[in-house]
Amino acid sequence: MSTAAAPSTAVVSGLMTTLPAGRVIDDPDVLASYAHDDAEWAPHAVPLAVVRPRTAAEVQDVVRACLDHRTPLVPRGAGTGLSGGANATEGSVVISTEHMTEVLEIDGAERLAVVQPGVVNDDLRAVCAEQGLWYPPDPASSPWSTIGGNVATNAGGLCCVKYGVTRDYVLGVQIVNGLGELVRLGRRTAKGVAGLDLAGLMVGSEGTLGVITEVTVKLRPARAPEHTVAGYFDSVVDAGRAVAAITAAGLTPSALELVDRTCLEAVDAWKNMGLAAEADVVLLGRSDAPGAAGDAEAGEMLRHFEAAGATFAAQAADAEEAEALFAARRLAYPALERLGPVLTEDVCVPRAAVPEMLGRIQEIGRRHGTTIANIAHAGDGNLHPLLITPIGDEPARRRAQEAFEEILTDALALGGTVTGEHGVGLLKRHGLEREQAPEVLAMQRAVKAALDPHGILNPGKVV
Ligand SMILES: Cc1cc2nc3c(=O)[nH]c(=O)nc-3n(C[C@H](O)[C@H](O)[C@H](O)COP(=O)(O)OP(=O)(O)OC[C@H]3O[C@@H](n4cnc5c(N)ncnc54)[C@H](O)[C@@H]3O)c2cc1C
């Protein structure tokens with residue numbers, strides 16, 4: 001009879017032996033809290049262990065231990081992901097970057113920052129602001145989500161409509177690949193085309209190609225204060241027409257966000273912010289053009305709101321009112337989660353198709369008897385219909401799942417994509433297969449096999 005430890009136990013004891021005390025958690029109660037990210041809807045399991053390394057060398061030790069035991073390793077930042085990318089799978093080890101939170105360097109002259117992956121987005125932005133600098137990518141989860149998670153999902157955000165997404169700011173990364181090799185990819189210089197863009201490959205790779213241990217990002221100088229406008233609409237389609245018109249007119253708002261009554265009421269019920277809108281839909285626009293140009297752009301947006309049928313359109317009276325409106329937009333998702341399980345959509349359609357897509361989403365909700373709230377990075381055509389089901393209502397959950405699939409069908413039919421920013425993770429794997437040709441999926445699998453030949457990095461996610 002063999003006395004060898006079961007593989008699952010062996011990997012945990014191997015990790016405990018290799019790493020300094022306190023790095024490895026195996027307390028079942030704590031492990032349960034790492035079973036899934038914010039996509040509880042997607043399949044998940046309690047991991048064998050959670051490891052919280054502090055250095056790149058420790059990350060390398062973790063990858064090597066998992067490699068030795070052929071144990072799946074699930075990278076995790078803050079767990080705010082909405083596609084199940086950080087969900088633990090059966091027999092996996094979760095590697096959390098929560099203790100890798102150092103801003104290693106801010107270089108004002110080169111306008112770049114070097115950070116550990118667990119630095120929270122808002123924390124980096126605050127450190128940059130102290131030096132008159134700005135890190136633009138601002139997912140609505142910026143108070144919690146990490147730069148490593150943002151890079152791994154190529155996160156978008158509110159100002160991306162003007163300034164681009166995370167990919168546009170990543171100069172270089174340090175990673176540990178699936179062979180346990182610790183390597184630097186990319187550059188620190190303003191330009192650089194040495195070889196294939198492997199740093200770019202890591203952006204949006206959702207933990208399937210390497211564990212990111214350090215990130216070098218581009219910064220911009222701090223910008224002018226923003227002008228905020230709000231428009232109230234009786235229908236999502238009218239609000240969508242305003243978005244399409246603003247884009248067609250060539251305006252460059254620094255944010256153009258949509259939030260509907262269901263979301264505002266949920267935020268109000270939670271935070272008592274006195275927001276209850278006298279409209280079904282609110283469009284929030286911002287301009288950061290300096291001086292009079294900002295006023296003029298804000299005025300143009302208001303004219304488009306009115307032309308599209310806004311029942312009320314005005315510039316925010318002061319910074320406090322403007323902040324409250326955007327805070328409500330940011331809080332909409334957690335506020336809705338309090339009402340019941342939320343299945344979050346993330347389709348992105350051409351901006352001209354925003355009104356049509358919003359109308360179709362409404363119709364799909366009606367047909368399936370599913371409550372669908374809406375928030376959207378409307379200026380990007382990136383829509384987040386939020387399908388809400390009562391707790392424990394299985395038939396409602398099934399109907400919501402059908403509605404979810406139909407929304408994907410319609411987005412693809414309108415020339416869109418199944419995921420604008422949340423990633424494929426587990427929730428969009430079928431969607432990816434519907435969107436991309438078999439040959440393209442095969443190319444993606446070939447890349448995965450090259451960097452992670454034993455398939456230990458976040459297996460079962462994306463491709
Ligand atoms: C309220 C709310 C608002 C949101 N708003 C936005 C938004 O505006 N825009 C947007 O794009 N997303 C948004 N999201 C989704 C989510 O916040 C982003 O996907 C974010 O980038 C995830 O960061 P995280 O640190 O929480 O990563 P996690 O959720 O922990 O992980 C996300 C993915 O990245 C991988 N990963 C994490 N760290 C690493 C690492 N160091 N190395 C390799 N892989 C890694 C994980 O395996 C997983 O696949 C929102 C979520 C919530 C809850």
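**View A. Packing around helix H12.** The buried residues of H12 pack against helices H8 (236–248) and H13 (394–413), and against strands E13 (255–260), E17 (371–377) and E18 (382–388). Packing rests on contacts, that is, heavy atoms within 4.5 Å. This is a predicted model, in which local features need pLDDT of at least 70, side-chain atom pairs count only at pLDDT 80 or more, and totals for chains, interfaces and linings use all residues. Residues are numbered from 1 along each chain as its sequence is written, and side-chain values use heavy atoms, with hydrogens and water left out. Helices (H or I, at least four residues) and strands (E, at least two) are DSSP runs numbered from the N terminus. The buried positions of H12 are Val354, Pro355, Met357, Leu358, Ile361, Ile364, Gly365 and His368; buried means under 20% relative accessible area, exposed over 50%, and partly exposed in between (1.4 Å probe, protein chains only).

**View B. Length and end of helix H12.** H12 (residues 354–368) comprises 15 residues and reaches 21 Å from its first C-alpha to its last, close to the 21 Å expected at 1.5 Å a residue. The expected span is 1.5 Å times one less than the number of residues.

**View C. Surroundings of Arg125.** Arg125 belongs to helix H4 (residues 121–130) and counts as buried because its relative accessibility is 19%. Leaving aside residues up to four places away in sequence, Arg125 touches Trp134, Tyr135, Pro136, Pro137 and Asp138.

**View D. Cysteines.** The structure holds zero disulfides, a disulfide being a pair of cysteine sulfur atoms within 2.5 Å. Cys128 is in no disulfide, and the nearest cysteine sulfur, that of Cys159, is 13 Å away. Cys128 is buried at 0% relative accessibility; Cys66 is buried, with a relative accessible area of 0%.
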